[in-house]
Amino acid sequence: MQINLIKKYFSQELTKLDEKIKKNKNLPLSAIQYDAIDVASSMQTLLKGWPTIGLKVKEVENKIKKKLNVKNAVMVNSGGSANFLMLYILTSPYAKKKDKIKLGSEVITPAVTWSTTVGPIIQNNLVPVFIDVNLGSYDIDVDLIEKNITKKTRAIMLVHPLGQSCQMDKIIKICKKHKLVLIEDNCESIGAKYKNKSTGTFGIFSSISMYQSHHISSVEGGFVLTNDNYYADIFRSMRANGWLREIINKKTKKKFINQNKSINQSFLFPYIGYNFKPTDFSAALVSKQIDKLKIFINKRSKSANFLIHKLKKYNNYLILPKTLKHNFHSWFTFPIVVKKNKFFKKKELEIFLKKVNIDTRPIIAGNIARQPFLKKFKFSKGKLINSDLVMDNGFFIGLHHKLSNKNLKYIVRAFDIFFNKFNK
Ligand SMILES: Cc1ncc(COP(=O)(O)O)c(C=O)c1O
């Protein structure tokens with residue numbers, strides 16, 4: 001009964017949040033994905049008295065495993081934590097000999113990415129090597145990878161940017177040829193595919209983010225994916241203080257118990273751990289969103305295609321997003337790079353859009369090699385011409401599942417008004 005009251009209350013209140021979007025009063029970068037049923041389900045974990053890691057986490061892990069066709073999905077408290085754990089394990093004593101990354105090794109990664117793609121490389125005493133990206137698709141420029149491989153290169157920390165898969169055939173070939181470990185930062189691209197295979201299932205490990213503004217959201221949250229059961233158990237344990245209780249493999253569990261008979265099993269710590277635990281409270285919020293992921297992505301795709309179709313007349317001024325061959329695009333945002341021209345600067349277009357309630361943001365973190373946090377650490381980079389252009393002349397507008405035809409027409413009209421100035 002009470003839970004129905006919660007549902008009723010939240011469905012009224014949450015629709016109020018969407019009113020501004022409906023009326024074009026505010027076109028934000030993202031819109032909430034959870035509904036009143038999701039909120040009630042989350043609340044129920046509080047009412048049951050066990051909102052921390054538990055059955056709901058298991059439920060969403062199983063759903064993600066099935067959806068992406070991967071053997072293990074380990075939920076953690078953020079995509080950044082997932083990135084950290086993946087690199088930690090590979091540099092730790094737990095790494096298998098063939099995967100082990102020695103301290104000081106170089107890790108190739110794209111220059112246009114997020115701070116916590118790069119931070120974990122450095123935090124694990126490795127050296128990032130930044131490679132330029134392609135314009136329009138924003139994936140790593142595969143042709144530049146081999147030119148930047150040195151004797152010290154051991155891994156590629158790939159990023160599938162903004163819902164788009166990288167060119168996996170070529171990347172896998174390079175990894176095989178140079179014996180590089182492939183790790184995928186798939187934080188922005190859940191649901192994307194390359195030749196019908198889900199991104200995040202090509203490398204040894206991959207990460208997903210369910211941060212508030214992403215396709216699906218547990219407010220904060222993420223996953224490590226892996227087909228390797230040995231590593232999966234270590235991830236499970238390590239996210240939760242290094243506890244025995246998270247280990248699934250019965251033989252491993254038994255071995256640790258037998259070797260440590262004097263220690264109480266409930267507080268037995270076989271692995272060094274962190275507290276990167278997810279909660280049932282947030283897993284319950286996202287569970288039904290996972291079932292709706294396909295619907296969300298279809299909606300985003302339709303909006304992206306509409307905008308591309310209507311804005312392509314401004315091709316002389318704007319680099320619009322594109323989908324690469326072999327890719328199923330799980331549209332994340334709508335990135336635009338302003339070409340160098342004599343009529344206007346990116347800033348003027350952004351200011352204009354903001355005035356008419358259309359929110360904008362930089363494309364990921366721009367050329368990450370220019371971010372101040374890197375100044376105190378060792379890194380190397382190739383020429384980053386496109387990444388600089390992305391940072392200086394790029395921005396994105398929101399592309400979420402709640403954009404209506406009315407919103408989309410309004411956005412196109414805003415661009416028409418801006419560009420009409422030059423056609424007079
Ligand atoms: C490419 C990339 N990596 C990592 C992250 C970190 O994810 P989280 O915010 O869940 O820590 C993000 C966040 O948006 C991202 O875009």
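**Exercise 1. The ligand shell**

Task: State how many residues surround the ligand, and which are the closest.

Solution. In this predicted model, the ligand is surrounded by 16 residues. The closest of them are S78, G79, G80, W114 and S209.

Next, sort the shell by class. It holds five nonpolar, nine polar and two charged residues.

Then look at which helices take part. Helices α4 and α5 each supply at least two residues of the shell. The largest share, three residues, comes from α4.

**Exercise 2. Helices α4 and α5**

Task: Determine how α4 and α5 are oriented to each other, and list the residues that make their contact.

Solution. Start with the axes. Helix α4 covers residues 79–91 and helix α5 covers residues 115–123; their axes come within 9 Å and cross at roughly 30 degrees. Angles under 35 degrees count as roughly parallel. The two helices, α4 and α5, are therefore roughly parallel to each other. Their crossing is right-handed.

On the α4 side, the contact is made by G80, N83, F84 and L87. On the α5 side, T116, T117, P120, I121 and Q123 take part. By class, this contact has four nonpolar, five polar and no charged residues.

An α-helix has 3.6 residues a turn, so residues three or four places apart point the same way.

**Exercise 3. Helices α1 and α2**

Task: Decide which term describes the orientation of α1 and α2 to each other: parallel, antiparallel, perpendicular or oblique.

Solution. Helix α1 spans residues 2–22 and helix α2 spans residues 36–47. Their axes come within 8 Å and cross at roughly 135 degrees. An angle over 145 degrees would count as roughly antiparallel, and 65 to 115 as roughly perpendicular. The handedness of the crossing of α1 and α2 is right-handed.

The contact joins I3, I6, K7, F10, S11 and L14 of α1 to A36, I37, V39, A40, M43 and Q44 of α2. Sorted by class, the contact of α1 with α2 has nine nonpolar, two polar and one charged residues.

**Exercise 4. Helices α3 and α10**

Task: Describe how α3 and α10 cross, and give the classes of the residues in their contact.

Solution. Helix α3 (residues 55–68) and helix α10 (residues 280–291) have axes that come within 8 Å and cross at roughly 35 degrees. The crossing of α3 and α10 is left-handed.

From α3, the residues are L55, K56, V57, E59, V60, K63, I64 and K67. They meet D280, A283, A284, V286, S287 and I290 in α10. By class, the contact of α3 with α10 has eight nonpolar, one polar and five charged residues.

**Exercise 5. L324 and Q167**

Task: Find which residues L324 and Q167 each contact, leaving aside neighbours within four places in sequence.

Solution. L324 is in the loop between β10 (318–319) and β11 (327–328). It counts as partly exposed, because it has 15 C-beta neighbours inside 10 Å. Its contacts are S137, D139, Q164 and Q167. The C-alpha atoms of L324 and C166 are separated by 8.4 Å, while the two residues are 158 residues apart along the chain.

Q167 lies in the loop between β4 and α7. With 19 C-beta neighbours inside 10 Å, Q167 is partly exposed. Q167 touches D139, V142 and L324.

**Exercise 6. Helix α13**

Task: Name the buried residues of α13 and elements that cover them.

Solution. In helix α13 (residues 385–393), the buried residues are N386, S387, L389, V390, M391 and N393. Their cover includes β12 (334–338), α12 (346–355) and β15 (394–397).

Key. Residues are numbered from 1 along each chain as its sequence is written. This is a predicted model: local features need pLDDT of at least 70, side-chain atom pairs count only at pLDDT 80 or more; totals for chains, interfaces and linings use all residues. Axes are lines fitted to C-alpha atoms, for helices over the stretch in contact, and angles run from 0 to 180 degrees between N-to-C directions. Helices (H or I, at least four residues) and strands (E, at least two) are DSSP runs, numbered from the N terminus. A crossing is left-handed if the near helix is turned anticlockwise from the far one by less than a right angle, and right-handed if clockwise. Two residues are in contact if their C-beta atoms, placed from the backbone, lie within 7 Å. Ala, Val, Leu, Ile, Met, Phe, Trp, Tyr, Cys and Pro count as nonpolar, Asp, Glu, Lys and Arg as charged, and the others, Gly among them, as polar. A residue is near a molecule or strand if its C-beta atom, placed from the backbone, lies within 6 Å of it. A residue is buried if 20 or more other C-beta atoms lie within 10 Å of its own, exposed if 12 or fewer, and partly exposed in between; C-beta atoms are placed from the backbone.
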